[in-house]
Amino acid sequence: MDKAKKQKLISVLLVAAVTLAAFFASYLQVLFPLDKMITDPLYQRPSVANKNIKVIAIDEKTIAAYGDMKTWDRGIWADLIEKLNSGEKDPAVIVLDIMFIGTTDEASDAAFAAAAAEGNNVITAVNCIYKTEVGRSENGIVKKTRVQMVEFPYDRLKEVSGYGFSNAMQDKDGYIRFAETVAEYNGEKIDSLAVAAYKRYCEVYGLEVKLPKTYLGNRFDFAFAGKSGAYGHVSMCDVLDGTREAKEFAGSIVMVGAYAPGMQDAYNVAIQRGSQMYGVEIHANIIEALLEGNTAVEGNRFVYAVCVAAVCLAFCLLVGKMKVTQAAYVLAGICVADVAAGMVLYRLGITIGMVDIPVFMLLIYGVNLGKGYLAERLRRRKVMAAFKKYMEPQIVDALCKDGEFHLTLGGESREVAVLFVDIRGFTPMSESLAPEQVVGILNEYLALTTQAIFNNKGTLDKFIGDAAMAIFNAPVDLEDYVYHAVCAARDIAAGSEVLQKKLMEKFGKSISFGIGVNCGRAVVGNIGCEFRMDYTAIGDTVNTAARLESNAKPGQILISSDVYEAVKDRVEVTEVGVIPLKGKSNGIFVYQVDKVL
């Protein structure tokens with residue numbers, strides 16, 4: 001398999017893997033906690049709590065007045081019901097979110113049951129004990145619980161009052177956002193406490209009972225009407241001692257339950273992350289959701305997972321063909337559409353996940369971005385490596401660093417030092433040797449020249465046959481650049497002595513260098529045309545350096561007076577004197593470098 005086909009196969013496998021991952025992650029709700037963290041604030045928005053729902057709290061004030069609730073005589077409950085039903089109009093329903101399991105004092109048990117029978121509007125709580133059991137629902141989701149046992153009120157109370165299970169239905173992340181309509185036990189269907197209260201209220205006022213649509217058998221999501229305290233509350237002791245009159249509860253749904261921290265009846269709820277809500281208020285919110293129709297069902301997970309996978313597949317196929325900004329706009333647009341679709345469906349009574357598509361698209365976008373970045377880095381590295389074979393590394397490196405080097409059209413004027421070096425005796429030698437030998441010798445000399453220039457931080461401008469030109473202090477600034485140029489000339493001369501001995505031993509012939517160095521202002525930049533240009537230096541400074549090199553004898557380094565003035569404390573020289581230079585009307589004073597300190 002060739003490289004192109006292999007890369008295509010890898011791409012296909014990656015797309016398939018991402019698509020399948022998106023499908024199964026959505027179907028199995030892998031991102032459930034993150035999804036609910038985002039969707040809860042969208043779905044759960046406080047509204048005006050129903051004024052016909054009243055909360056009577058067993059709060060710290062009541063406990064202080066009557067002691068621990070576990071020690072109460074059930075005559076207290078009889079007294080509470082009688083007081084609530086003593087007005088001109090009784091409450092529509094009195095919901096006791098309290099368990100009354102087993103008998104206690106016969107007289108108080110009888111009094112409580114008698115009061116409940118007299119009022120005919122009491123609903124008490126029962127507790128369902130669940131057992132883990134593997135099963136499957138209609139949409140293929142595993143259901144793991146069934147009711148193994150129910151803890152009912154004592155018989156006398158059960159006969160005269162309604163009842164409903166009050167179990168808190170916590171979601172996977174421990175938050176309450178759904179409830180159940182009924183529980184099945186030994187063939188009997190037991191309504192939840194909220195549903196039982198709702199049915200009783202509808203019966204009293206002649207309203208049609210409209211139970212919500214459910215999923216996973218008997219589950220429905222509901223919207224909280226408000227946070228803790230939305231319904232207000234009245235201390236139970238204030239009702240019992242007559243401080244609060246029965247008339248304020250007339251015709252209402254009265255919820256009675258624990259409202260103190262030590263009673264262990266508080267839960268995490270979707271509407272208020274970070275603080276808990278008492279169970280009695282949760283039941284109040286469920287009742288209101290039933291009355292107002294603020295319920296929803298979970299969308300079909302399979303259909304949702306297919307949609308997520310399809311969107312991710314499409315994005316996978318398109319993202320590689322788009323620019324980064326275009327892909328970002330598409331990503332943002334789809335994320336907005338995803339949230340908008342979720343909100344519309346919620347208003348229609350269907351909940352879906354809202355993070356699967358954004359998360360997987362961000363993942364795809366990030367991977368594609370990283371892949372592009374790595375590919376560009378690799379491509380750039382290959383290009384730079386190739387360029388360094390033809391251009392000096394300093395120019396290539398400078399091009400890679402933002403802000404350090406810019407290609408200036410027409411060049412820029414700057415102070416530079418220019419070095420020219422030429423091989424003396426190369427032409428006669430080349431006539432007596434084979435072409436391969438000539439090329440080998442030339443490459444050795446040019447390698448020596450290049451290395452000496454690079455070692456001294458110079459820029460190799462060009463090779464000119466058997467000559468070379470270098471500039472110092474361009475394209476990047478170089479401190480003490482004139483001295484670096486002179487040092488490069490010294491290193492070339494020193495290295496040539498070793499090569500001369502080698503050639504004499506091998507071919508019986510010897511060649512050497514002539515070197516010229518000048519400094520001054522020159523125009524440095526890209527010279528040429530749009531489709532072919534060279535980075536070089538031009539000007540009188542360059543021409544003078546070239547003339548110095550042409551006047552240098554074999555093994556001689558000639559420098560101008562400007563160069564000498566810049567490095568005179570670090571070189572030993574011999575005055576050559578004023579020499580005429582081709583193309584210049586006046587000669588210049590020249591020095592021969594004998595030693596560089």
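How are α7 and α9 oriented to each other?

## Helix α7 against helix α9

In this predicted model, the axes of helix α7 (residues 193-205) and helix α9 (residues 279-292) come within 9 Å and cross at roughly 50°, the axes being lines fitted to C-alpha atoms over the stretch in contact and the angles running from 0 to 180 degrees between N-to-C directions. The two helices α7 and α9 are therefore oblique to each other; angles under 35 degrees count as roughly parallel, over 145 as roughly antiparallel, 65 to 115 as roughly perpendicular and the rest as oblique. Their crossing is right-handed, a term for the near helix being turned clockwise from the far one by less than a right angle.

On the α7 side the contact (heavy atoms within 4.5 Å) is made by Leu193, Ala194, Val195, Ala197, Tyr198 and Tyr201, and on the α9 side by His283, Ile286, Ile287, Leu290 and Leu291. By class, this contact of α7 with α9 has ten nonpolar, one polar and no charged residues, where Ala, Val, Leu, Ile, Met, Phe, Trp, Tyr, Cys and Pro count as nonpolar, Asp, Glu, Lys and Arg as charged, and the others, Gly among them, as polar.

## Helix α10 against helix α11

Helix α10 (residues 301-319) packs with helix α11 (residues 324-347) at an angle of about 165°, their axes lying 11 Å apart, and that makes α10 roughly antiparallel to α11. The crossing in which α10 passes α11 is right-handed. Val311, Phe315 and Val319 of α10 make the contact with Ala327, Val330, Leu331 and Ile334 of α11, and by class this contact has seven nonpolar, no polar and no charged residues.

## Cavities

Three cavities of 30 Å³ or more are held in the structure, a cavity being a set of points, on a 1 Å grid over the protein atoms alone, where a 1.4 Å probe fits but cannot get out. About 70 Å³ of space lies in the largest cavity, a volume being the space filled by probe spheres set on the points.

Lys36, Asp40, Tyr43, Gln44, Arg177, Asp221, Phe222, Tyr346 and Thr351 line the largest cavity, each with an atom within 4 Å of a point. The elements giving two or more residues to this lining are α2 (32-43) and β9 (219-222), and α2 provides the largest share, three residues. By class, the lining has three nonpolar, two polar and four charged residues.

## Backbone features

The peptide bond from Ala474 to Pro475 is cis, with omega near 5°, and Pro475 lies in the loop between β18 (467-472) and α16 (481-507). Gln264, although not a glycine, has a positive phi of about 55°; the loop that holds Gln264 runs between β11 (253-258) and β12 (266-269). Helices (H or I, at least four residues) and strands (E, at least two) are DSSP runs, numbered from the N terminus.

## Basis of the values

Because the model is predicted, local features need pLDDT of at least 70 and side-chain atom pairs count only at pLDDT 80 or more, while totals for chains, interfaces and linings use all residues. Residues are numbered from 1 along each chain as its sequence is written, and side-chain values use heavy atoms, with hydrogens and water left out.

Technical notes. 1 Å grid on protein atoms, 1.4 Å probe; cavity = no way out; pocket = protein on both sides within 12 Å on 5 of 7 lines; lining within 4 Å.
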